[in-house]
Amino acid sequence: MARLDGDGPIGVAVSGGGDSVALLYALAVWNKRPLEVFCVDHGLNPLSAQWTQSVAAHAARVGAGFTALHWQGEKPATGLSAAARLARHRLLAVAAREKGVSVLCLAHTADDIAEAQAMRAQGSNVGAPKTWALSPVWPEGHDVFLYRPFLDVRREALRDYLRGLGVTWIDDPANDSPHSLRARTRKHLSERPLAPAPEVETPFAAAQWQTLLHLPETLGPLGMIAFRAEPFDALPRETALKLLAAAAVCAGGGDKLPGRDKVEGLLENLTSARPLNLAGARIVRRNDVITFCREAGDIGRNRPASCSLNGTDAAVWEGRFLVRSSQAGEIVASGRVRADLTEADRAWLITLPADLRGTQPVFVPAAQKDNQNKCLLTNPALRQNAYKAIMTRCLVGSRLRAALGLITTESAVISAKSDCVFTPINGV
């Protein structure tokens, strides 16, 4: 558990199966942090409610907190496994944050890595589980990281561990379904000796990352990513493709990586000053710098252009900015209300690169009486503004670092929050 170097509660997702039950008991033996157990009932098996109760019993036995989560609503006729996975991660991310949990432990094993490798060889696009990763759902998963400490442990070893404790577990019959590629792959692999598969992680070195970045302290909090072109051009092709895809998604605020063909097309055309678009981001190569920012004209096209604040809870606007306000209102794009901004806000916008001027968050209070009440949240001069209880944090930079494997411990999670932490208005 070396990567768990923070404080506060630790979350653990437990299905009732042998792997996750073993993880729960191992964390309980570790006994250095309070445990919060989360169990997702997908409602796909008549016995699922009983399985959830069995997890509650395990949690009670080790003195951990317990939360049952339910995937409700109509289930898709096709792609059920993928839909269930996304629903599960959304439920887990929201519940974890409500419990003050930023690290959620999962029980994937060496067998899961081997199965993923075998499935990819059969044409699947399933990813290999990594020891440390950002939650795969966005924006629900912001600031929630997944930790998998058992990736070098075999599945059967965990069951031997539980047998030694006298602890029982559930075997989901879906794991043996011939209709499931994973189940068929698992059966095939079980019929021959399996050496633990090594985890493949290729994070950027810190020095390499600093070489790539251009003016991070100036542009990062505003939602722009900027790379120096020369070190980018020196990257291996696969690394460059990964970097382009991640930067475009993070700057664009979306939740899905673009197809490889689109990323390859971007790389091939990234040689001139002509603006390019990918995943909702505007990409420009100019003066030996490659910049990524939100495409202003795309705001509102594929997701809501505004989000509401109720005066209590924080909200993520556009997948890029986390905003909390003690006043009710909504967040809109600066390009939509530019004429209504104060003279000071308009003057500050002019100082920004042109591509950023229409993409900044503006707070519109629910009880506004005139246009002067609109507030451009990224304007540093707002520390002197009358809005004393609005706090804004850009998520783009920390999300990109996580996507590239640069956040690998819990202390790094804390650092990612603090380096662009809520920006207080008027020092609050």
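User: Is Arg-303 buried, partly exposed or exposed?

Analyst: The label follows from relative accessible area, where buried means under 20% and exposed over 50%, with partly exposed in between. In this predicted model, Arg-303 has a relative accessible area of 24%, so Arg-303 counts as partly exposed.

User: Which residue forms a salt bridge with Arg-303?

Analyst: The criterion is a distance one, a side-chain nitrogen of Lys or Arg within 4 Å of a carboxyl oxygen of Asp or Glu. Here Glu-318 is the partner of Arg-303, and their closest N and O atoms are 3.5 Å apart. The pair links distant parts of the chain, 15 residues apart, with Glu-318 in the loop between β12 (315-317) and β13 (321-325) and Arg-303 in the loop between β10 (289-294) and β11 (307-310). Glu-318 is buried, because its relative accessible area is 4%.

User: How many salt bridges does a search of the whole structure find?

Analyst: The search finds 22 salt bridges. One of them joins Asp-355 to Arg-282, with the closest N and O atoms 2.9 Å apart. This pair, too, links distant parts of the chain, 73 residues apart: Asp-355 lies in the loop between α13 (343-350) and β15 (361-365), whereas Arg-282 lies in strand β9 (residues 281-286). Asp-355 has a relative accessible area of 16% and is therefore buried, while Arg-282, at 22% relative accessibility, counts as partly exposed.

User: Where in the chain are Asp-143 and Arg-393, and how many residues apart are they?

Analyst: Asp-143 forms a salt bridge with Arg-393, their closest N and O atoms being 2.8 Å apart. The pair links distant parts of the chain, as Asp-143 is in the loop between β5 (132-134) and β6 (145-147) and Arg-393 is in strand β17 (residues 390-394), 250 residues apart. Both Asp-143 and Arg-393 are buried.

User: Turning to the cysteines, how many disulfides does a search of the whole structure find?

Analyst: A disulfide requires a pair of cysteine sulfur atoms within 2.5 Å, and the search of the whole structure finds zero disulfides.

User: Are Cys-39 and Cys-375 buried or exposed?

Analyst: Cys-39 has a relative accessible area of 2% and is therefore buried. Cys-375 is likewise buried, because its relative accessible area is 0%.

Technical notes
Residues numbered from 1 in each chain as written. Predicted model: local features only at pLDDT ≥ 70, side-chain atom pairs only at ≥ 80, totals over all residues. Heavy atoms only, no water. Buried < 20%, exposed > 50% of the residue type's maximum accessible area, 1.4 Å probe, protein only. Helix = DSSP H or I, 4+ residues; strand = E, 2+ residues; numbered from the N terminus.
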